[in-house]
Amino acid sequence: MTTENMKEEIRQYILTEFLPGEKAANLRDDTPLRTSGILDSVATLRLVTFVEERFGIQVEAHEASVENFDSINSISAFIESKKTGAS
Amino acid sequence: MSILHLCNYLEASASRFPERQAAIDPDGAALTYSELNDRANRVAGFLVDRGVRAGDRVGLVLPKNIHALTILFGVMKARAAYVPVDWSSPADRIRTILSDCQVSAVFVDSRRFDVADVSDTVIVLDQNLDEARNPSELKSFPWETVVAHAPYSADVEARHSDDLAYILYTSGSTGIPKGVMLSHRNAVSYVDWCTEVFQPTEFDRFSSHAPFHFDLSILDIYVPIKHGARVDLIPDELGKSPRELASFIAANKITVWYSTPAILSLLAEFGQLNKFDYSALRIVLFAGEVFPVKQLRKLTTKWPSPAYYNLYGPTETNVCTYAPIPLPIPESRNEPYPIGWACSHCKALVLDPDKQPVSQGEEGLLYISGPSVFSGYWARPSETAAVFIEREGVPWYNTGDVVREDPADGFIYVGRRDRMVKRRGYRIELGEVESALYRHPAILEAAVISSPHPELGVRIICYIAAQEISRPSIVDMRTFCNDHLPAYMNPDVFIFVDSLPRTSTNKINYQALIQMFNSA
């Protein structure tokens with residue numbers, strides 16, 4: 001899966017689950033998710049579970065941090081680092 | 001008659017169990033009973049020297065830790081009332097609250113210097129004072145100065161049961177939070193009821209999951225302190241992380257857990273509870289909102305040993321009814337558990353709109369009387385008068401909750417007739433959310449409704465009419481609300497419309513909006 005495809009899947013998940021009605025263009029790769037209030041703590045947990053199941057990685061409790069989950073960019077970079085680390 | 005005062009609990013435990021641990025942070029920083037009492041005396045000494053007098057209010061804008069706990073007692077030993085606020089809230093909201101009750105001193109974390117201008121006496125809790133933006137015009141004092149101050153020797157005889165102990169602010173329908181004033185008598189009568197029902201001992205370890213501005217914290221703090229038990233303080237971040245929390249509860253051998261159903265559901269769902277040993281856990285208490293039975297069943301399957309109780313009570317009354325939950329929960333059960341029967345220190349009545357008792361089984365509004373019922377809202381006499389009736393010579397508080405009485409199960413919660421909803425245990429006046437939306441320059445009209453949701457409990461839905469040319473995106477709205485409302489009030493759904501539906505008298509037609517949302 002390319003990085004772009006991965007970002008698109010994450011974007012679609014966030015739009016459907018947490019921003020119903022929003023246009024995809026308004027959720028940019030660098031839009032802050034945690035610090036803006038788009039994702040609260042419960043929403044982040046659901047997103048983490050989605051990422052684990054969809055991309056086949058295990059997210060440790062301390063990794064579900066603002067640094068790793070504050071934008072589509074940071075989430076995809078995190079997934080890729082986990083996949084590289086695991087292989 | 002003995003004086004009912006929360007500080008008496010600490011002082012009695014400090015003399016009975018001076019070397020036992022009173023409170024501990026997750027990083028292991030702890031205070032014994034003797035240390036906690038001594039430090040609280042020093043905080044009181046500092047405050048009294050700074051001019052804080054009996055009946056004054058002192059604000060707390062702090063994350064939860066052993067220092068914040070010390071401050072609660074320090075403030076009360078100075079015979080002042082503490083006013084804890086959500087330290088992560090938007091600055092405007094914090095200022096509104098602390099200005100409303102005119103605090104004479106405020107304790108702030110250095111990351112929240114932006115709200116320190118509400119008082120002339122600002123006490124800063126942080127190691128990084130030099131790096132903080134310390135406006136030179138503020139009279140601020142580092143924490144070290146406070147805890148090095150000569151201890152205050154309180155005149156215990158001067159204490160009064162009706163002294164205000166704390167003020168907790170809840171969502172207000174007009175957009176301005178309102179302060180619920182609670183006295184030592186109110187809190188002590190509730191804590192003493194907890195003694196009777198939960199039989200705590202000095203060997204217990206209580207979780208303190210709720211933030212101090214949330215009324216669940218009263219049980220978490222004062223029941224263990226009364227009995228010489230240990231309070232395990234859980235700060236915000238840990239409290240929201242079910243996986244870390246699951247190992248924390250096991251590792252610290254927590255014996256009494258108390259929280260909203262929301263975090264217990266997350267623990268059952270994401271906590272991987274089968275990985276740990278919870279044999280120490282003897283009681284699980286929940287309150288603040290309805291616990292969906294499916295989630296409760298999942299939790300009780302994973303934690304089968306403790307006794308479970310559903311506690312009910314608005315901030316204004318403390319807990320006033322309760323129901324033990326018999327285990328196991330049958331697979332066939334879908335309806336939520338009742339809120340049960342009145343606690344022994346309270347009386348409950350169900351009245352119709354004419355304030356006449358309903359027949360058993362009929363729906364009506366729940367009224368509560370007793371020593372734990374608050375005396376009023378801070379500086380809001382008309383709103384206070386509106387929630388009380390007098391009956392048989394005593395005041396009864398109208399909870400606004402619609403219930404019916406079942407002869408076997410006690411009171412069953414039915415719902416509300418006003419615009420207040422509960423989410424993650426917090427009260428939200430939908431009017432307060434609307435007020436925040438109206439502060440957005442592009443918004444012409446806004447109406448907020450709620451809708452039940454199987455997983456989230458309730459969702460908050462905003463209908464917005466905005467100027468076409470400058471219509472904000474949903475991401476913009478979410479960010480705007482995050483800057484103007486506490487996180488638990490941030491709406492779930494934003495829907496833009498050309499105009500809002502109106503009734504024949506030109507009022508916003510909320511029923512039409514609810515129908516629109518449900519049929520969409």
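**Note on a predicted two-chain model**

1. Across the interface of chain A and chain B, the rule finds 10 residue pairs in polar contact, with both residues of each pair at pLDDT 80 or more. The largest share of the side of chain A that touches chain B comes from helix α2 (residues 41-55) of chain A, which supplies 6 residues.

2. The extent of the interface can be stated in two ways. Counted by residues, 22 of chain A are in contact with 19 of chain B; counted by area, the two chains bury about 1,700 Å² between them, and 56% of that area is on carbon and sulfur atoms.

3. Which residues of chain A and chain B meet in a salt bridge at 2.3 Å? They are Arg424(B) and Asp40(A), whose side chains come together at that N to O distance. Across the interface of chain A and chain B, the rule finds 2 salt bridges, and over all chains the count comes to 32. As background, side chains of opposite charge can pair when their charged atoms come close.

4. Arg423(B) deserves a paragraph of its own. This residue lies in strand β23 (residues 420-423) of chain B, and it counts as buried because its relative accessible area is 5%, which is under the 20% cut-off. The side chain of Arg423(B) reaches the backbone oxygen of Tyr488(B) at 2.5 Å, and a polar contact of 2.7 Å joins the side chains of Arg423(B) and Asp492(B). Leaving aside neighbours within four places in sequence, the residues in contact with Arg423(B) include Glu289(B), Ile428(B), Val458(B), Ile460(B) and Met489(B).

5. Is strand β9 (residues 178-183) of chain B enclosed or open? Because 6 of its 6 residues are buried, this strand is largely enclosed by the rest of the structure. In a regular strand the side chains alternate between the two faces of the sheet. In β9(B), Lys178(B), Val180(B) and Leu182(B) point one way, while Gly179(B), Met181(B) and Ser183(B) point the other way, and all of these are buried.

6. The partners of β9(B) can be followed residue by residue. Strand β8 (residues 164-170) of chain B pairs with β9(B) in the antiparallel sense over 6 bridges, and within this pairing Thr170(B) has Lys178(B) as its bridge partner. Strand β19 (residues 376-377) of chain B is also antiparallel to β9(B) and is joined to it by 2 bridges, with Val180(B) standing opposite Tyr377(B).

7. Strand β14 (residues 307-312) of chain B pairs with β15(B) in the antiparallel sense over 5 bridges, and Asn310(B) stands opposite Ala323(B). Strand β16 (residues 341-342) of chain B runs antiparallel to β15(B) and is joined to it by 2 bridges, with Trp341(B) opposite Tyr322(B).

8. Helix α13 (residues 430-437) of chain B is largely enclosed by the rest of the structure, because 7 of its 8 residues are buried. Among these buried residues are Glu432(B) and Glu434(B), together with Leu430(B), Val433(B) and Leu437(B).

9. The side chains of Arg95(B) and Asp92(B) meet at 3.8 Å, N to O, and both residues lie in helix α4 (residues 91-100) of chain B, 3 residues apart, which is about one turn of the helix. Arg95(B) counts as partly exposed at 26% relative accessibility, and Asp92(B) is partly exposed at 39%. By comparison, Arg230(B) and Asp232(B) form a salt bridge at 2.9 Å, N to O, and both of these residues are buried.

10. In chain A, Arg28(A) forms a salt bridge with Asp30(A), in which the closest N and O atoms are 3.0 Å apart. Arg28(A) is partly exposed at 47% relative accessibility, and Asp30(A) is partly exposed with a relative accessible area of 45%. Finally, a network of salt bridges links Lys7(A), Glu8(A), Arg11(A) and Asp29(A).

Technical notes:
Residues are numbered from 1 along each chain as its sequence is written. Chains are lettered from A and ligands numbered from 1 in the order in which they are written. This is a predicted model: local features need pLDDT of at least 70, side-chain atom pairs count only at pLDDT 80 or more; totals for chains, interfaces and linings use all residues. Side-chain values use heavy atoms; hydrogens and water are left out. Contact means heavy atoms within 4.5 Å. Buried area is the accessible area (1.4 Å probe) that two parts lose on being put together, summed over both. A salt bridge is a side-chain nitrogen of Lys or Arg within 4 Å of a carboxyl oxygen of Asp or Glu. A polar contact is a pair of N or O atoms within 3.5 Å; within protein, one must be able to donate a hydrogen and the other to accept it, and residues adjacent in sequence count only if both atoms are side-chain atoms. Helices (H or I, at least four residues) and strands (E, at least two) are DSSP runs, numbered from the N terminus. Buried means under 20% relative accessible area, exposed over 50%, partly exposed in between (1.4 Å probe, protein chains only). Two strands pair if DSSP finds at least two bridges between them.
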